[in-house]
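I opened the notebook to record a few look-ups in one model. The entries follow in the order in which I made them.

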Amino acid sequence: MTITASPTRLPASSWTAAADEHAARADALTADHRERRSRGEKHAVEDFLFEYYPTKPAVLRVWHPGAGVVLEPGPDGPSLLGTKRWYTTDDEGAVTLDLDGFLAERGEAARFLVGLLGATASRPAFTGCFGLHEWAMVYREADDEHRHPLPLRLGGAGTDAVVESHRIRCTHFDAFRFFTPDATSRNTLEPTRANQVAMEQPGCLHAAMDVYKWATKLGPLVPGDLLLDCFELAREIRYTDMAASPYDFSSYGLTPVAIETPEGKAEYVARQRSYAERSNILRMRLVAACDLSAPTPSSP
């Protein structure tokens, strides 16, 4: 992570407009969640994006320019980012990210994530898993043990039969670790935290959703538009992940991706290939945001 390009200077009119547009976009993306939360209402699809990935809507709406960008002061003074962690304000009121300070605290984690993102993007997408990770998470479980308070679309015996009739090849540790004990031995691979960098591949829906998680972990290195692009893709994939799961999501208006059928498998693979391509574009944009000596790929 180096800065070799000359800093970009933004006048107040530019960065205030960018910050306002970002906040409005973030508010629109989280409006339904915030309204449900005000009523104490749960959502089995979207709550995942705010609980498993614990970034609050108020944090998501804060715009960051990225490293190497100087925000010039305006009529109202310096940008309020200057009051936030890892930012500095010079004597003239210009605000910029203190990259050295950020890397002193988060450099090791950031370098790990850059390595993980690059390694994942470098591999071919495997498209033969058919979302069976979700099925393996309920294999041979009692009805009252399921992670979601929703019925199984094929019932317990039907769900178990689908698991038993397929070869499971899950590459994602944070999915694999939720497999039931009886399902663990059915996975042909053994993903662990230690081999995560060597094993993750872009065809995995959970790895593609995790691009959003890694963007939040990289914090102010990530420009605001990139962060929200990652969130939007994660939300879209989450709906597919649940539509292809063994649960009956008809109460949420979801049409099943019936991966137990040839037609469902074909639909799943088509979406999977699209997600792999789109998530790889985001991965490389994140890598570029951490190395300003490289050109930033265009948005998907």
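This is a predicted model: local features need pLDDT of at least 70, side-chain atom pairs count only at pLDDT 80 or more; totals for chains, interfaces and linings use all residues.

Residues are numbered from 1 along each chain as its sequence is written, and side-chain values use heavy atoms, with hydrogens and water left out.

**Entry: aromatic pairs**

I took rings of Phe, Tyr and Trp (its six-membered ring) as paired if their centres lie within 6.5 Å; planes under 30 degrees apart count as stacked, over 60 as edge-to-face and the rest as tilted. A search of the whole structure gave me 10 aromatic pairs. One of them joins Y52 and Y53, edge-to-face, at 5.1 Å centre to centre and 65 degrees between the planes. Y52 counts as partly exposed because its relative accessibility is 26%.

I then looked up F176 and F179. Their ring centres are 5.1 Å apart and their planes stand at 65 degrees, so this pair is edge-to-face too. F176 is buried at 14% relative accessibility, and F179 is buried at 6%.

Which residues do ring pairs link into a cluster? I listed F48, F50, Y52, Y53, Y212 and F231.

**Entry: the nonpolar core**

I used this rule: a nonpolar core is a set of buried Ala, Val, Leu, Ile, Met, Phe, Trp, Tyr and Cys residues joined through side-chain atoms within 4.5 Å. The largest such core has 78 residues, and L218, I259 and L286 have the most contacts inside it. Helix 11 (residues 224-243) supplies the largest share, 10 residues.

Leaving aside neighbours within four places in sequence, L286 touches L117, V211, A215, L218, V222, L226 and C230.

**Entry: pockets**

I worked on a 1 Å grid over the protein atoms alone: a cavity is a set of points where a 1.4 Å probe fits but cannot get out, a pocket is an open set with protein on both sides within 12 Å along at least five of seven lines, and lining residues have an atom within 4 Å of a point. Grid points are joined across faces, edges and corners, and a volume is the space filled by probe spheres set on the points.

The largest pocket holds about 530 Å³. It is lined by 20 residues, with V59, H64, T216, G219 and P220 closest to its centre. Helix 10 (205-217) gives the most to this lining, five residues. I sorted linings by class: Ala, Val, Leu, Ile, Met, Phe, Trp, Tyr, Cys and Pro count as nonpolar, Asp, Glu, Lys and Arg as charged, and the others, Gly among them, as polar. The largest pocket then has 11 nonpolar, four polar and five charged lining residues.

The second largest pocket holds about 360 Å³. Of its 21 lining residues, A44, F48, E51, H148 and R238 are closest to the centre. Helix 2 (48-51), helix 7 (173-176) and helix 10 each give two or more residues to this lining.

**Entry: cavities**

How many cavities of 30 Å³ or more are there? I counted two. The largest cavity has a volume of about 110 Å³. Its lining has 14 residues, of which C129, H133, R169, C170 and T171 lie nearest the centre. Helix 5 (132-136) and helix 10 are the elements that give two or more residues to it. The lining divides into eight nonpolar, five polar and one charged.

**Entry: loop residues**

Most residues other than glycine have a negative phi. W86 has a positive phi, near 75 degrees. I placed W86 in the loop between strand 2 (69-71) and strand 3 (87-89), and W86 is buried at 14% relative accessibility. R140 also has a positive phi, near 60 degrees, and lies in the loop between helix 5 and helix 6.

V138 is found in the loop between helix 5 and helix 6 (155-164). V138 is buried, with a relative accessible area of 2%. From V138 to H33 I noted 105 residues in sequence and 27 Å in space, C-alpha to C-alpha.

Key
Helices (H or I, at least four residues) and strands (E, at least two) are DSSP runs, numbered from the N terminus. Buried means under 20% relative accessible area, exposed over 50%, partly exposed in between (1.4 Å probe, protein chains only). Contact means heavy atoms within 4.5 Å.
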